[in-house]
Amino acid sequence: MAIIDARTLPDASPIEADLLIIGGGMAGIALAKELAGGALKVAILESGGLEIDEANQALYVGSGVQRAPGNPDRPFDEYLVQSRIRALGGSGMVWGGKCAPLDPADFAERPWIAHSGWPITREAMQPYYDRACDLLEIPRFPLEHPPSTDPARQHLALEPADGFFPAPREFSRFSGGTDKAAFDAFRTGFAEAPNITVYLHANVVKIRRQGDEIVGLDVACLDGKRHPAKAARYVLAVGGVENVRLLLASDNLGNGRDLVGRFFQGHVTYSNDGDAETEGSAVAIFRAAPMDLYAPAKRGAHCVIGAGLPAQKRMKTGNFTATLFRAQGFKPDTQAIARMGAKLETPEGNGEGQMLGYFAMAEHFPNPDSRVTLDPEHKDALGMPRARLTWTYGTKDYADLERSVTGLADALGASGEGRLCWSIERGQLLALSSASRHHMGTTRMHVDPAKGVVDADLRLHEAKNLYVAGSSVFPTSGIANPTLTILALVMRLADHLKAETAR
Amino acid sequence: MTRRRDLLAALVALAATPALARAAAPGVFSDLDRNAVTRLGSAWRAAHPDATAQSLEARLFPAGRGQAALPRLRDQAAADFRHGAVFIHRGWRLSDTEGALMALLSLEG
């Protein structure tokens with residue numbers, strides 16, 4: 001119906017809808033798209049405007065630290081403000097567009113990993129993943145991928161019993177950083193539907209509850225205006241940190257079991273360049289066939305080497321991936337040696353060497369001490385306490401990472417496909433890690449209110465008409481970029497809301 | 001970077017291999033960078049000070065250095081990875097067989 005700047009409304013203008021979506025990021029937009037043209041009157045309340053704005057972005061400022069056993073604490077104050085984008089389209093404005101589903105293992109309860117297990121299976125998610133792929137106009141991810149017939153895109157011949165597999169990644173063009181025009185259409189076109197209204201510069205600063213029901217929202221603009229908002233149902237979708245900040249700032253909403261903000265999980269990559277004593281993270285591949293499947297020449301569809309459930313069960317580890325890439329910087333004599341190796345490997349004696357770089361990723365295990373809290377001493381321009389992130393690893397995280405690396409090295413060696421170099425000392429891991437901007441687990445999903453903030457339908461255990469969307473509901477984080485799973489869960493939520501409101 | 005070359009030389013030596021399988025053992029290794037072989041072999045021997053050329057020859061080539069030797073070495077290397085018999089050098093995870101082979105080649109000069 002319209003996109004409205006909430007600052008242009010008279011002060012205290014009531015905003016009313018059947019469903020209010022707090023947050024106009026990828027989750028909020030996808031949900032509105034699913035409901036566009038339907039019977040429900042839907043409004044999105046987005047904090048930002050159409051473009052990235054410094055004053056809005058400053059609302060994200062917080063503090064943070066990363067902690068891991070045996071590693072010095074790493075200050076992380078800049079991370080929160082640099083992680084997300086506060087504008088219509090959210091972090092879709094800048095994301096890389098990389099898409100992958102979580103693996104079946106990510107959904108499974110794994111007895112060797114505390115707090116693992118989703119109340120949904122990967123199989124049950126398949127139709128929602130399909131719809132999310134369709135929305136992003138990328139190929140679907142079937143549960144079983146037939147091998148490519150392209151000789152340049154052949155799987156590494158690792159022993160199946162080792163449990164490593166090629167995990168596919170695709171790229172969507174719907175990113176502000178990739179195809180701005182397409183993304184602009186993606187993030188605004190749905191508002192033309194007669195049942196949709198988007199309010200910009202509309203910051204929700206408090207969710208009001210009476211008993212087990214949400215009865216309204218307090219909306220604030222940076223120019224000082226305030227508006228009340230009311231609906232029959234609400235969806236909170238402002239990100240893995242901000243979901244927590246708003247709940248806690250709303251009289252501790254949803255936190256009766258002290259779970260909101262706990263179990264923060266993030267994704268990081270590990271790689272190094274080596275030094276005088278060690279080589280950097282590298283893989284030598286012996287086969288002559290191209291490695292385009294794993295390390296394409298240009299950004300695009302590829303596979304990472306993933307540790308599937310059989311590998312995890314065998315090694316008693318979590319998810320792990322190695323992402324291979326074409327590396328530069330091997331000196332000429334090294335390249336000559338690699339080429340010499342390839343000559344020995346090929347019947348004709350004329351092959352080229354294949355030295356690749358890689359970065360490793362390991363699942364960040366759910367940890368109640370890894371958490372987002374409020375910093376009551378510091379408030380933003382709207383008077384809300386700022387967020388404080390304490391990103392914490394346990395002993396198992398790094399031990400499992402190392403065991404996974406060793407497991408992959410042994411699988412490559414035993415198969416004759418290659419050899420792997422890993423030279424990062426455990427005490428260096430935190431400092432050498434590079435953090436992605438994925439915030440997961442802080443309003444985790446569990447059927448038991450004592451173990452989760454939302455139920456399997458994403459409904460807050462404490463409020464019958466408030467749902468949470470986004471990666472904060474992930475019980476475990478896997479390794480895949482979370483956006484596709486966020487959207488798949490949104491598809492599922494949309495179906496639930498349609499069915500519920502039809503009753 | 002010459003150290004990386006050491007490892008690559010080792011990787012080359014035992015990776016699998018139609019070509020290796022057809023070659024006789026001494027000839028196929030003659031292309032390896034001598035300095036790399038020496039450094040790798042010395043590193044392995046530092047952990048196995050009692051190893052001699054004779055004992056390594058008996059371990060690696062019990063039936064001589066004919067065409068059957070290389071597939072056998074490769075099988076040994078694969079088995080090493082299965083059983084945790086590995087040789088870590090500057091971060092590279094190699095089979096113990098690879099290390100022993102480099103040691104033998106370094107002793108042979």
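A salt bridge is defined here as a side-chain nitrogen of Lys or Arg within 4 Å of a carboxyl oxygen of Asp or Glu. By this rule, 35 salt bridges are counted over all chains. The model is predicted: local features need pLDDT of at least 70, side-chain atom pairs count only at pLDDT 80 or more, and totals for chains, interfaces and linings use all residues. Side-chain values use heavy atoms, with hydrogens and water left out.

Three of these pairs are listed below.

| Pair | N to O distance |
|---|---|
| A:E34 and A:R131 | 2.8 Å |
| A:D495 and A:R131 | 2.7 Å |
| A:R371 and A:D258 | 3.7 Å |

Helices (H or I, at least four residues) and strands (E, at least two) are DSSP runs, numbered from the N terminus. A:E34 pairs with A:R131 in a salt bridge. Because A:E34 belongs to helix α1 (residues 26-35) and A:R131 to helix α5 (residues 122-136), this contact ties together parts 97 residues apart in sequence. A:R131 also forms a salt bridge with A:D495.

Accessibility is classed as buried under 20% relative accessible area, exposed over 50%, and partly exposed in between (1.4 Å probe, protein chains only). A:E34 is partly exposed at 23%, as are A:R131 at 26% and A:D495 at 28%.

A:R371 forms a salt bridge with A:D258. A:R371 lies in strand β17 (residues 371-379) and A:D258 in the loop between α7 (242-249) and β12 (268-269), so parts 113 residues apart in sequence are tied together. A:R371 is partly exposed at 23%, and A:D258 is partly exposed at 34%.

A network of salt bridges links A:E51, A:K180, A:D184 and A:R187.

Definitions and conventions:
Residues are numbered from 1 along each chain as its sequence is written. Chains are lettered from A and ligands numbered from 1 in the order in which they are written.
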